[in-house]
Amino acid sequence: MGTTRCTLWPPLRGRLVMEAATERDPPRLDSAFGGAPYGWQPSATSGDVALRVLVVNSSAGHYNLGAAKLADWLKAVGHEVVTCRGDPGLFSFGYDIVALSVIFSWHAPMARDIALRVRGTSEVWCGGPGMYALQHWWTKETGLKVHPGLDARFDRQRGSYRMTFAARGCPVACSFCVAWLIEGRTFSLDWDFQPAPVLCDNNLSALPVEFQEHIINRYATSLVTLKDANSGFEPKSFDEGTYRRWEPFLAKSKAPWRFAFDEEGERDEVVRMLQILKPVPPYRKRVYCLIGNEPIEACYDRLQTIIANGGEPFCQALRPRRWPRTSSDMPIASCGARHPSGNIQTGAASDLRSLSSRQGRFTLESDLLDRQLIVIYAAAAGPDSRS
Ligand code: SF4
């Protein structure tokens, strides 16, 4: 855990509510703190000192399961907790600990700004999947350390959450993925997992059959409807048995089959999986498709293959680790186009022309694109990109 020092400087203590700065992504404090507004002093709790902790969802706009569990765990062990989505600005001060949870690496610069602001007066914690590949960068920028990987203190914290994990880990170890680095290459099964509307397990089809059935039964006997197995299934380990096991359960709530066609080498397995899923309507076959990792013609062909075999592609652009923060740091450009179904995310339109992954530099060969289909985020990164 990265720390500076723990102090009790209290210029701004108490219930704080900061109203929305933007409609889409309002930074705001959702205080669970009910104590006196000023002059709060730590008190002994089961032999420990109760501290004031600010838990920041640094990826505001996205539900942050880790931040929610951390806040619940901190409360459960006796600390006073204020939660916040986005940068709390002036209201960053007055806490013994400021805990920054980063889901996506492109939100790391904002976490850095908060850390630099408060590190002289608060202990700073920082973690989350978005920081895993940025540990050296974080230390260089802030002088602190990232808490890498899962945090055993609260990973299995129970509570009322929108998301859940029944198992951690993935044995496949794809080169572009950090899930297996963070969670391990062997599954750790949580037989007592708490069902939630979104199931985030990395690779459901590779789990032991007994555990797959356990997941289905646990949902079936709970009051929770599974709306989305968000990371879904993996074509290599998917077979007719997986289909028969999961389809009646998923179909009940019209939950989609999610899987990925990220590399050309997966073609045969993906097509085989799409053939097994033929009876399922296209809107329930949502196929993640990584773009930018192979020549653009190959990415385009993968997208077309998904559509030709009755699926709907969901593009995910590979962004360089040195993704720039703002246009004042270095030039940024992005471009995008929307699939007629409207299901492909797009970036802001621009006329950037080429895409390559040389030295963290992305350019886009737009002449090769069918603009109805492909979305590319592209950056013209300067030589002094962050590592
Ligand atoms: S199968 Fe999915 S979760 Fe597993 S390593 Fe590959 S991308 Fe990551």
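These questions and answers go through a predicted model of a protein chain with a ligand.

Reader: What is the mean pLDDT of the protein chain?
Author: The model is predicted, and 70% of the residues of the protein chain reach a pLDDT of 70 or more. The mean pLDDT of the chain is 76.

Reader: Over which residues does pLDDT stay under 50?
Author: Where pLDDT is low, the predicted coordinates should not be read in detail. One such stretch has 96 contacts beyond four places in sequence in the model, and another has 131. The stretches with pLDDT under 50 are residues 1-47 and residues 323-387.

Reader: How many helices and strands are there in the protein chain?
Author: The chain has 387 residues, of which 38% count as buried. Among its contacts between residues at least 6 apart in sequence, 74% join residues at least 24 apart. The count of elements is eight helices and 15 strands.

Reader: How far apart are the end C-alpha atoms of helix α1?
Author: Helix α1 covers residues 65-76, which is twelve residues. At 1.5 Å a residue, the helix should span 16 Å, and the model agrees with this. The end C-alpha atoms of α1 are 16 Å apart.

Reader: Which strands do the buried residues of α1 pack against?
Author: Ten of the twelve residues of α1 are buried, which leaves the helix mostly covered. Among the buried ones are Leu65, Leu70, Trp73 and Leu74, and also Lys69 and Asp72. They pack against β4, β5, β6 and β8.

Reader: Which residue with a positive phi follows α1?
Author: The phi in question is near 105 degrees. The residue that follows α1 with this phi is Gly78.

Reader: Is β6 enclosed or open, and which of its residues point each way?
Author: Five of the five residues of β6 are buried, so the strand is largely enclosed by the rest of the structure. In a regular strand the side chains alternate between the two faces of the sheet. In β6, one way point Ile97, Ala99 and Ser101, and the other way point Val98 and Leu100.

Reader: Which residue of β7 stands opposite Leu100?
Author: β6 pairs with β4 in the parallel sense over five bridges, and there Val53 stands opposite Ile97. β6 also runs parallel to β7, residues 123-127, with five bridges joining the two. On the β7 side, the residue opposite Leu100 is Cys126.

Reader: Which strands stand at the edges of the open sheet of three strands?
Author: The order in this sheet is β8-β11-β12, with parallel pairing. Two strands have a single partner strand each, so one side of each is left without a neighbour in the sheet. Two bridges join β8 to β11, and Thr164 stands opposite Leu199 there. The edge strands are β8 and β12.

Reader: Which charged residue is in the shell around the ligand?
Author: By class, the shell has seven nonpolar, two polar and one charged residues. Cys170, Cys174, Cys177 and Trp180 are among the residues surrounding the ligand, as are Asn202 and Asn203.

Reader: Is Thr186 buried or exposed?
Author: Thr186 is found in the loop between α4 and β10, and it touches Gly169 and Pro171, not counting residues up to four places away in sequence. Val172 is 14 residues from Thr186 in sequence and 9.3 Å from it in space, C-alpha to C-alpha. With 10 other C-beta atoms within 10 Å, Thr186 is exposed.

Technical notes:
Residues are numbered from 1 along each chain as its sequence is written. This is a predicted model: local features need pLDDT of at least 70, side-chain atom pairs count only at pLDDT 80 or more; totals for chains, interfaces and linings use all residues. pLDDT is the predictor's confidence in each residue, from 0 to 100. Two residues are in contact if their C-beta atoms, placed from the backbone, lie within 7 Å. A residue is near a molecule or strand if its C-beta atom, placed from the backbone, lies within 6 Å of it. Ala, Val, Leu, Ile, Met, Phe, Trp, Tyr, Cys and Pro count as nonpolar, Asp, Glu, Lys and Arg as charged, and the others, Gly among them, as polar. Helices (H or I, at least four residues) and strands (E, at least two) are DSSP runs, numbered from the N terminus. A residue is buried if 20 or more other C-beta atoms lie within 10 Å of its own, exposed if 12 or fewer, and partly exposed in between; C-beta atoms are placed from the backbone. The expected span of a helix is 1.5 Å times one less than its number of residues. Two strands pair if DSSP finds at least two bridges between them.
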